[in-house]
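Could you walk me through this structure in plain words? I'd like a short briefing I can follow with the model open beside me.

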Amino acid sequence: PSIAVLPFVNLSRDEENEYFADGLAEELLNVLAKIRGLRVAARTSSFSFKGQTVDIPTIAGKLNVATVLEGSVRKAGNRVRITAQLVNAADGYHLWSDTYNRELDDIFAVQDDIAQSVVKELQARLLQRPNAPDAQAEVRAANRGRTDNAEAHRLYLQGRFLFRRHTTRDVATAISLYEQALALDAQFALAWAGLGLARFWQTAFGLSEDERAFAEGFARAEAAAKRSLELEPELPEGFLALSLVIKCSQRDFSAGEYAVRQALALAPGDSEIVSQAASQILIRGRFDEALVLARRSIELDPLNDFGLYCTGRAHLAAGRPVEAEEAFRRAIDLNPHARGRHLHLSWALLAQGRIADADAAALQEAQDIFRVQGLAMVRWAQGRQEEADALLAELTAKFAVSAAYQVAEVHAHRGDVDAAFHWLDRAYEVYDPGIFWARITIFFRSLHADPRWTALLQKLGFTD
């Protein structure tokens, strides 16, 4: 029993309303993903067909689903016309379809109506659940954390649309939109969760050189995530946001893992939560369990490069660089501009002794910090010490705060044990989020016999 929700076609004259069409489809996808017994293709995969002319059987085949939900949105002022149809992939037959002409204030009723109709149809035709829960009750439970304020909802959709772009400017705008939504409805739990996640991303990847920015940013992100859970104690999005920020704000990895396991229990079909669970468990050194979760996230979302990235890091940490190389290359094929992917491919190649290939990979790294770091490590492996020293000096001078952890990795790679510990302590002091990978990073193996290593792990909360 499976379904893909395609991005709804925006038929509005105003192209800025694209966020509304995307948001409606994503809202439906998120609700359906929480229905037990139904496998839902993740957003990354289903939205990859946006703007393409591809027939339903082809889409269903690529996403391995039995049904597809598609539709369109025409928004003009406060009026909206929505069409939706559920298609059986095998024969192209419409299992259900409907058209809605409503005011924007009624958008929640339309969303619920569509979701309930789809659930009823799938229960009858595919799930074969004679004693299935009432569709209305299932959809209501899946809608935890929502607002009843149409304008707050619109601002939330727009904020989430921009956050997905993951650029510094768009994330900052998304934070402003979430805050505007919360000014209209302070009880909007999903907006608090979105704000927590956006503030985490802005802090962790905004690359600030202000030492106070990390501590303050993570503290504000944690407060937003916790507020979402105070309002809705069983909100998986809240637990996901909390799991990411708590290990950075409090350096408590056990609490971070507990939070992501809560999210996983509440939404086992959400590929983002599954892949983040893989990451959280990976940093604790439990490679086999992390690989199982990473593979599950890829099954749910075949175009999920983060699941492949986690797979690669697990293989690399476990001493399987060939398998790590394969996973990193597949991740790069899906998202060649994602930060850190070419750096880690370079590491997998270095571990195989393929220094020239590692050099080529490092040169292709999109993120300045990681490109300089990767080249500094490759130049050292090549015996080109002057160039390696110059690159390390550049990394240290330009990114002494945001790349304190990366400086520690370079020193460890060079065998400079005391310098590596100095920069690890520095990374801890400035709340550098990279430090949570310390336990499984292969370059720190030379530090493991030093008493300072055990002390660092205990300080980081690795009590096991």
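Predicted model: local features only at pLDDT ≥ 70, side-chain atom pairs only at ≥ 80, totals over all residues.

The protein has 22 helices and six strands. Its radius of gyration is 23 Å, close to the 23 Å that the globule rule gives for 464 residues, so the protein is as compact as a globular protein of that length.

**The whole chain**
- Along its principal axes, the C-alpha trace spans about 70 × 45 × 45 Å.
- Of the 464 residues, 57% count as buried.
- Take the contacts with a separation of 6 or more: 61% of them are between residues 24 or more positions apart.

**Strand 5 and its two partners**
- Find strand 5, which covers residues 79–88. Eight of its ten residues are buried, so the strand is largely enclosed by the rest of the structure.
- On one side of the pairing story is strand 4 (residues 67–76), which runs antiparallel to strand 5 and is joined to it by ten bridges. Here Val68 stands opposite Val87 of strand 5.
- Strands 4 and 5 make a hairpin with two residues between them. Gly77 sits in that turn and has a positive phi of about 65°.
- Strand 5 also pairs with strand 6 (residues 94–103), again in the antiparallel sense, over nine bridges. In this pairing, Ile82 is opposite Tyr100 of strand 6.
- The hairpin of strands 5 and 6 has five residues between the strands, and Gly92 takes a positive phi near 75° there.
- A handy thing to know while you look: in a regular strand the side chains alternate between the two faces of the sheet.

- Most residues other than glycine have a negative phi.
- His166 has a positive phi, near 55°. You'll find His166 in the loop between helix 6 (150–163) and helix 7 (168–184). With a relative accessible area of 37%, His166 is partly exposed.
- Tyr431 also has a positive phi, near 65°. Its place is the loop between helix 21 (417–429) and helix 22 (451–459). Tyr431 is partly exposed too, at a relative accessible area of 22%.

**A buried serine**
- Which helix holds Ser243? The answer is helix 10, residues 236–249.
- Is Ser243 buried or exposed? Ser243 counts as buried because its relative accessibility is 0%, and the cut-off for buried is under 20%.
- The side chain of Ser243 reaches the backbone oxygen of Leu240 at 2.7 Å.
- If you skip the neighbours within four places in sequence, Ser243 is in contact with Gly256, Ala259, Val260 and Gln280.

**Aromatic rings**
- A pair of aromatic rings is described by the distance of the centres and the angle of the planes.
- The count comes to 14 aromatic pairs in this model.
- One of them is Tyr156 with Phe188, a tilted pair at 5.1 Å centre to centre with 55° between the planes. Tyr156 lies in helix 6 and Phe188 in the loop between helix 7 and helix 8 (189–205), so this pair ties together parts that are 32 residues apart in sequence. Both Tyr156 and Phe188 are buried.
- Phe200 and Phe218 form a pair as well: the ring centres are 5.9 Å apart and the planes are at 35°, so the pair is tilted. Phe200 is in helix 8 and Phe218 in helix 9 (residues 211–231), so the pair links parts that are 18 residues apart in sequence.
- Phe200 is buried, with a relative accessible area of 7%. Phe218 is buried as well, with 0%.
- Ring pairs link Phe200, Trp201, Phe205, Phe214 and Phe218 into a cluster.

**Charges over rings**
- Arg43 lies over the face of Phe47, at 4.5 Å from the ring centre.
- Lys75 lies over the face of Phe20, at 5.8 Å from the ring centre.

Methods. Residues numbered from 1 in each chain as written. Heavy atoms only, no water. Buried < 20%, exposed > 50% of the residue type's maximum accessible area, 1.4 Å probe, protein only. Helix = DSSP H or I, 4+ residues; strand = E, 2+ residues; numbered from the N terminus. Pairing = 2+ DSSP bridges. Polar contact = N/O pair within 3.5 Å; in protein donor to acceptor, adjacent residues only side chain to side chain. Contact = heavy atoms within 4.5 Å. Phe/Tyr/Trp six-rings, centres within 6.5 Å; stacked < 30°, edge-to-face > 60°. Lys NZ or Arg CZ within 6 Å of the ring centre and 35° of its normal. Rg over C-alpha atoms; globule rule 2.2 N^0.38 Å.
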